[in-house]
Amino acid sequence: MQVDAGGRETSGVTTRLILSYVQDHGGDAALDALLRVADVPESRAELQDETRWVSYTTRIRLFEAAVDVLKDPRCPLGMGATALRDGLNHSVVLVLRALGSPRQVYRQLPRSVPKFSTTSTMEMLECGSDHAVIRYTLHEGYQHSRLDCLYAQGLIGVVPNIFGLPAAEIRHEECESDGAPACIYHLSWAERSRMPFRRRRHKEIDPELVALRGQLQKLQSTAAELVGGDDLETVLRRITDRAAAAVVAPMHLLAVLDPETSKPRVYGVGIPEAQVGALATQLLEGGDLGPNVVAVEVRSARRHYGRLAAIYPTNQRGPENERFMLTAYAGHAAVALDLLLALESSRRQESRSAALLALAHQLRAASDATTAAEVVVSMLPQIVGCDASSIRVWDPALGQLSTLASSGLSAGERALWDAKPIRADDTPEMLQMLTHQETALVTRGETVGPLREWLEAMNIEGVAATPLLADQTLLGVATAWWRPGQLPADTAEAMVRLQGVGEYAATALHNARLWSTLQHQSLHDALTGLPNRLLLTRLLERTLAEATTAEGVTVLYCDLDRFKRVNDSWGHLAGDELLRQVAARLRGVLRPGDTVARLSGDEFALLLPGLIEPDAATAVAERVLGCFAEPFRIDGRMLRVTTSVGIATHIGPSGRVDQLLRTADAGMYTAKQRGRNQLGGVGHGQDAVAFGAERADDRDEMSDVTLERELREALAGDQLRLVFQPLVQATDATDDWATSEGLHVVGAEALLRWEHPRLGLLAPAAFLTLAEDLGLIAEFDLWAIEAAVTALASWPADLRANPAGARPLHVAVNLSSAALVDPRLFDVVRGALMRAGLEADQLHLEVVESRALLDVPAVVERLGELRRLGVRIALDDFGTGYSTLSWLQRLPVDCIKIDRTFISDLGGSPAACALVQGILALAAELRIEVVAEGVETPEQLDALRRSGCRLFQGYLLGRPQPGPPVLAGALDAARL
């Protein structure tokens, strides 16, 4: 291998030896003087670095300065003579000692010269058992120095010391400084004694032991440093620097293949930059690099990384005995790389696991397909390791994929990617993937047609795609893209991760579609597809809130005339078909921005916003009547049907939904009373009914409007309060069941109050109905959860702990149906518990027994989610008329609270006692707890305890109060 060594002519071993000698013989002041007199470009640290090589000129200046500072013209001889103790590299000492005798060392000495200098050549002219003749020639172009010659004599003379013998005697009669063509050294030394005790007599110190210790320390230090490296760049540089320090050579080169990208990573010491690339290529190819290179493999039990080499000048042969030391450092390097890769793999896995967890949490909160897709594409690069990503959804009717979300693309690239759908029949790779339903990888060079045009236009080297499947139904495709040069070496792992993310995405898209369907079903009539009463109420509320002072909002309330006769005479299927056709005709009379809804049965309502003149509403109402003029065709027969229409208008903001609907409903009944098939509330002398009914009492309306405004401000104004009524448990048997003996507080029910700025503290009955009408009830319930949990956490620890064997104190909060279907509920509950540091079973959520629990979609599922979190669910007001016993199996509840109407008759009614005992027996079979509400007398408590009830709540046991719940102190006194 041809290598230009440049100015690397003197090993750092030599310069370090010079500085150490001067400091030992003259102290720090002499060392400072040496550097000042020598005036060399290198710093003290650089001259003391064994891995750094300097020029011949620097070496000679240092010798000259040392002579001047120490006032000793022969000090270079002493420097060479102390090399064994202070200067020789440990590996050199061991190698020389392994040769067995001074004669063998001197024979190999010419090959070791390149370790220290590249400016001279040594030749062995004669070598016997106790003598040798050496010729030492300075290369052409260099000025010989007698000081350098003295240093060489000192180095050559210490060889016998390695074997415990006195230094060699040197006779130097021919010197280049005197004009001779070369320096000739005649050496003689004492032969080694065969008597061990004689050899030991000359040993003051065992150089082999010192070298072994030094080498071991370096190896241990290297291993610690390499294992401590926290990134690939640092580790590779340390490997190269440490090898250069251990194996003295002018140049060192490390070339390995990056485990991630399979691209070469090259690090050199002392090699000209222009030659590094070519040398690394030759090194990685593994061929014979020539006699001046000692190269070893960087290999572990797991993988082969590359090669490490010590390089000598082209005309000098590298010592083969250095291979074992390079091999040791290469082994350390391989182990360090294995550890680093394992660490990087662990970090990536941890990062990807965290990203997957975040993905799952964010997808759980995604309420629609677009949000879910945006979450997936934002996380894909971190999980898969790609540069960009996208999700396209499948349209089976058109047979094409359209972009739903993308990430990592510039605005121009995104516009190009989104501009045109991908048709399966135009893209063979996509068709194959969709046919086999498997994850596939395509590179730019492997594809043709539109896909290749896209990849080239967007500078994409490769794309992996995985189908998004739900129950074998194709929903879309998730793609991961890599820029040129970024495609991972292990594409199989990347595709496995992409497929895993694709499964998350498919589930999220499927759930989003189901949720969208459920939302649509909950807000739309299944028969006609029109908005239902709930959606109309929301739209009307929003329209009223946004109306300006001059704008009117009109509701038309339509009821088909004699619809029951159609069902009775033609059948219910004909009635359903008639309702569908009526819905279609009503849609046809709407203006842009109007809404038609089916309220129930044969009742429809039209919402007409933005009306200025009353005549405009009347005109629409007359068109509604007119669309019934033509008969309906039902099962091939013609059917004539009419409708009665009530009309009501509110002008300006702050309208009430319920009042407007009631007014329109009253107008519709007026129309029916007047003979049907007409408008009610307008015309026929009844104008005041239509437009004045909602404003019949201006003072009452102004009072309502004021209260509405104040209630809307209650939450933001911190006017809501909670009071807590104790829940009491009976644990011990007693002879007197009506006393407080054996009773203790196990929980509290949080009850809402409004601290009105003008009216004082208001009970729920004064404002909860209005809160429901205004759509504020869910906000109030969510606030109550947070406040109740925070309050429980603030109560004294001894109160929350409860007696031994009893569960910790809990708090119960009432939930409305609106809060149950609020998408924020789960996160609010979980967040409140985490912030308060409470267990989930310390929160009980009470739902009022009503038909809505089964009618509203997703309520049962939402209750199940809360129970899986650990929250306990209670069914409040049990037995008030809505329930059936089968509901206890269908609803996920842990507790039922017997309504106070059953408790009030206890003590005097055997039937009431029998009912309570029946409920207790049924609950025991279903393993459901029972709480008796409204316990107000000792007789009721006595009857309940004798019936086997163990949980009670009522004024007898404690009234609601702001602080922690306390068992009523007057309980025993009440019996007296």
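How exposed is Arg580, in terms of relative accessible area? In this predicted model, Arg580 has a relative accessible area of 35% and is partly exposed.

## Arg580 and Glu577

Arg580 pairs with Glu577 in a salt bridge, with 3.1 Å between the closest N and O atoms. Both residues belong to helix α21 (residues 572–588), where a spacing of three residues puts them about one helical turn apart. Glu577 is likewise partly exposed, at 27% relative accessibility.

## Lys564 and Asp568

A salt bridge also joins the side chains of Lys564 and Asp568, with an N to O distance of 2.8 Å. The two residues lie in helix α20 (residues 563–570), four residues and about one helical turn apart.

## Lys897 and Glu933

The side chains of Lys897 and Glu933 form a salt bridge at 3.6 Å, N to O. This pair connects distant parts of the chain, 36 residues apart. Lys897 is in strand β28 (residues 895–898), while Glu933 is in the loop between β29 (929–932) and α36 (938–946).

Lys897 is buried, with 2% relative accessible area. Glu933 is buried too, at 7% relative accessibility.

## Network and total

Lys897 and Glu933 also take part in a network of salt bridges that includes Glu749 and Glu846. The count for the model is 27 salt bridges, among them the Lys564–Asp568 pair, the Arg580–Glu577 pair and the Lys897–Glu933 pair.

Methods
Residues are numbered from 1 along each chain as its sequence is written. This is a predicted model: local features need pLDDT of at least 70, side-chain atom pairs count only at pLDDT 80 or more; totals for chains, interfaces and linings use all residues. Side-chain values use heavy atoms; hydrogens and water are left out. A salt bridge is a side-chain nitrogen of Lys or Arg within 4 Å of a carboxyl oxygen of Asp or Glu. Buried means under 20% relative accessible area, exposed over 50%, partly exposed in between (1.4 Å probe, protein chains only).
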